[in-house]
Amino acid sequence: MALKRSNKVCQTASLKQILKRCSSLGKKNVYDEDGLPVDVPKGHFAVYVGENRSRHIVPISFLSHPDFQCLLRRAEEEFGFDHEMGLTLPCEEVVFRSLTSMIR
């Protein structure tokens with residue numbers, strides 16, 4: 001049980017780091033005092049999807065969905081989370097739109 005809790009805390013810390021790094025690609029970046037993009041509503045974060053890296057704003061509640069978590073694991077394996085271009089998800093835009101419409 002303690003191992004599960006420790007893993008959960010580590011996962012939460014990683015997700016907080018990911019959300020801090022989400023930024024506007026190709027746009028003038030304007031940040032608040034916490035270093036977060038001002039064009040992203042509270043309770044949401046930006047992701048980049050598909051070949052053209054289309055920017056999408058999604059609710060933080062998606063982070064608890066198993067299918068979205070699977071996508072995050074794939075993103076970490078493929079791209080890693082230690083880069084400045086925001087959270088990039090490894091899937092086609094049409095697949096991402098389908099997934100997000102099911103989650104909502």
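T100 sits in helix α3; helices here are DSSP runs of H or I with at least four residues, strands are E runs of at least two, and both are numbered from the N terminus. The residue counts as buried at 7% relative accessibility, where buried means under 20% relative accessible area, exposed over 50%, and partly exposed in between (1.4 Å probe, protein chains only). Leaving out residues up to four places away in sequence, T100 touches V58 and F62, contact being heavy atoms within 4.5 Å.

The model is predicted, with local features needing pLDDT of at least 70 and side-chain atom pairs counting only at pLDDT 80 or more, while totals for chains, interfaces and linings use all residues. Residues are numbered from 1 along each chain as its sequence is written, and side-chain values use heavy atoms, with hydrogens and water left out.

**Strands**

- Strand β1 covers residues 44–49, and five of its six residues are buried, so the strand is largely enclosed by the rest of the structure.
- β1 pairs with strand β2 (residues 54–59) in the antiparallel sense over six bridges; two strands count as paired if DSSP finds at least two bridges between them.
- Within this pairing, A46 has I57 of β2 as its bridge partner.
- β1 and β2 make a hairpin with four residues between them.
- In the turn of that hairpin, G50 has a positive phi of about 85°.
- β1 also runs parallel to strand β3 (residues 87–89), joined to it by three bridges.
- The β3 bridge partner of V47 is L87.

**V47 in strand β1**

- V47 belongs to strand β1 and counts as buried at 0% relative accessibility.
- Not counting residues up to four places away in sequence, V47 touches S54, R55, H56, V58, L87, L89 and F96.
- V47 and I57 lie ten residues apart in sequence, with their C-alpha atoms 6.4 Å apart in space.

**Aromatic pairs**

- The structure holds two aromatic pairs. Rings of Phe, Tyr and Trp (its six-membered ring) pair if their centres lie within 6.5 Å; planes under 30 degrees apart count as stacked, over 60 as edge-to-face and the rest as tilted.
- F45 and F68 have ring centres 6.2 Å apart and planes at 75°, so this pair is edge-to-face.
- This pair links distant parts of the chain, with F45 in strand β1 and F68 in helix α2 (residues 66–78), 23 residues apart.
- F45 and F68 are both buried.
- F62 and F68 have ring centres 5.8 Å apart and planes at 65°, so this pair is edge-to-face.
- F62 is buried, as is F68.
- One aromatic cluster is formed by F45, F62 and F68.

**Nonpolar core**

- The largest nonpolar core has 17 residues. Such a core is a set of buried Ala, Val, Leu, Ile, Met, Phe, Trp, Tyr and Cys residues joined through side-chain atoms within 4.5 Å.
- The residues with the most contacts inside this core are F45, V47, V58, F68, L87, L89 and F96.
- At least two residues of this core come from each of β1, α2, β3 and α3.
- Helix α2 gives the most to this core, with four residues.
- Leaving aside neighbours within four places in sequence, L89 is in contact with V47, Y48, V49, G50, F68, L71, L72, A75, F79 and F96.

**Salt bridge**

- The count is one salt bridge, defined as a side-chain nitrogen of Lys or Arg within 4 Å of a carboxyl oxygen of Asp or Glu.
- E93 forms a salt bridge with R97, and the closest N and O atoms are 2.9 Å apart.
- E93 and R97 both lie in helix α3 (residues 93–103), four residues apart, which is about one turn of the helix.
- E93 is partly exposed at a relative accessible area of 25%, and R97 is partly exposed at 48%.

**Cysteines**

- The count of disulfides is zero, a disulfide being a pair of cysteine sulfur atoms within 2.5 Å.
- C70 is partly exposed, with a relative accessible area of 37%.
- C91 is buried, with a relative accessible area of 14%.
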